[in-house]
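Visitor: I am new to this structure. Please take me through it, with a close look at a single part first.

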Amino acid sequence: MKLLVFGGTAWLGRTLALEALGRGHSVTCLARGDSGDVLPGVRFVRADRSSSSSDVAYAQVVGEHWDVVIDVATQPGHVRGAVAELHAVVGQYIFVSSGSVYASQRKLNQDESAPIQEPLESDVMESMADYGRAKVACESAVTSVFGSERSLVARVGLIGGPGDTSGRSGYWPWRFSRPSNSSGTVLVPDAPDLPAALIDVRDLAEWLITCAERGTVGVFNATANQLPFTDHLATARSVAGRRGDTVAASSAWLVDQGVQNWAGPRSLPLWLSDRDWFGLSAHDVSRARGAGLVSRPLEQTLADTLEWELDRAQPGPHGAGLTDEEERSLLAQLATAR
Ligand SMILES: NC(=O)c1ccc[n+]([C@@H]2O[C@H](COP(=O)([O-])OP(=O)(O)OC[C@H]3O[C@@H](n4cnc5c(N)ncnc54)[C@H](OP(=O)(O)O)[C@@H]3O)[C@@H](O)[C@H]2O)c1
């Protein structure tokens, strides 16, 4: 198979290239090179998809036939330009979209027929607040040109695993293995009804390359099976091999202390305080399972992520979650408040 990846210099794109190379496919990656290098064995086409004219951006690849394109873009203009330039030379177009396209994230277990947001009209997504609408616009650009017979749209949920520089999959095993205090106590949210679902980047890449090989088409939610967030925490704790206590704080108290949901600094990663967002980690994945998506055990993903963190020159969850000082201070405040 002759595969063209738009991307390939960042996490998922590189993992896709690695998987395809391992199966003996010919892999070309088109990117600027700003996010990193491509893997050895990959043909690199350096190009800027934001070039003023799309025929310039794709000039180096439009003269060849490609069995499959896999595109990880978020900017609608990038996808609109690519499908316009390449529709005649590409067999199948696989677009990596997101579960954020859905109009509401309140309902659990939404399948691919659930309503989606309005597409972003602009070619340029200026703010992450428009991420879902930008992905809708990208999906629409692909399917309007390639039709349902020659396109696959993967609405991906939270990705985790080794290489996750967002710290979202690394924080909990890291925190349990490196407590902030001598008693080993870890601060967790009291969120008994919150679901969690983390797809391992390697499982996602394996499945997408298999789809490319088989010519699988359609729209798919692509996440792991949901489980209670409390089970996710228990798995992280067990992987870290620690037996310290956890102390659960209510969502209202955490919000009052300025602890952020989901990601980033001063956060409890993967925690959501607002029920309107619980569906984000609870999409129905039966269609993708039927099309061959297999997930490794969460234990393995979290253990490998922890190992990757510990192997780094400066191990740690990359600024995500609570610092040691923040966690100690919150634990002390919580003890006083009780
Ligand atoms: N992380 C998650 O939990 C999550 C969840 C749902 C969906 N997703 C989706 O999963 C995908 C992740 O992909 P990823 O990790 O490979 O990449 P990424 O971090 O989204 O990076 C985008 C890729 O596009 C390239 N690119 C950006 N601007 C470009 C330009 N102007 N011209 C040419 N190339 C350009 C970048 O390369 P250069 O900078 O080198 O040009 C990079 O390789 C994305 O589609 C994301 O939306 C992620």
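In which helix is Ala240 found?

Guide: Ala240 is found in helix 7, residues 229-240. Helices here are DSSP runs of H or I with at least four residues, strands are runs of E with at least two, and both are numbered from the N terminus. A word on the basis: this is a predicted model, where local features need pLDDT of at least 70, side-chain atom pairs count only at pLDDT 80 or more, and totals for chains, interfaces and linings use all residues. Residues are numbered from 1 along each chain as its sequence is written, and side-chain values use heavy atoms, with hydrogens and water left out.

Back to Ala240. It counts as buried because its relative accessibility is 15%. Buried means under 20% relative accessible area, exposed over 50%, and partly exposed in between, with a 1.4 Å probe and protein chains only. Leaving aside neighbours within four places in sequence, Ala240 is in contact with Pro173, Phe176, Ser177 and Leu306. Contact means heavy atoms within 4.5 Å. Pro173 is 67 residues away along the chain, yet the C-alpha atoms of Ala240 and Pro173 are separated by 5.5 Å.

Now the wider layout. The domain assignment gives domain 1 (2-156) and domain 2 (163-196 + 227-276 + 298-337). Such bounds come from an automatic or database domain assignment. The C-alpha centres of domain 1 and domain 2 lie 32 Å apart. Their contact takes 4 residues from domain 1 and 5 residues from domain 2.

Next, Ser97, in strand 5. Ser97 is buried, with a relative accessible area of 3%. Beyond its neighbours within four places in sequence, Ser97 is in contact with Lys135, Glu139, Val153, Ala154, Arg155 and Val156.

Then the ligand. It is surrounded by 29 residues, and the closest are Thr9, Gly13, Ser35, Val72 and Tyr131. A residue counts as near if one of its heavy atoms lies within 4 Å. This shell divides into 11 nonpolar, 12 polar and 6 charged residues. Ala, Val, Leu, Ile, Met, Phe, Trp, Tyr, Cys and Pro count as nonpolar, Asp, Glu, Lys and Arg as charged, and the others, Gly among them, as polar.

Some atom pairs stand out for a look. An N or O atom in the side chain of Tyr131 is 2.6 Å from an oxygen atom of the ligand. A backbone N or O atom of Gly33 lies 2.9 Å from a ligand oxygen atom. A polar backbone atom of Arg49 is 2.8 Å from a ligand nitrogen atom. Taken alone, the ligand exposes 900 Å², and the protein buries 82% of that. These areas come from the Shrake-Rupley method with a 1.4 Å probe; for residues, only the protein chains shown count as cover. Helix 1 (11-22), strand 5 (90-98) and helix 4 (131-146) are the elements that give two or more residues to the shell.

Note on methods
Polar contact = N/O pair within 3.5 Å; in protein donor to acceptor, adjacent residues only side chain to side chain.
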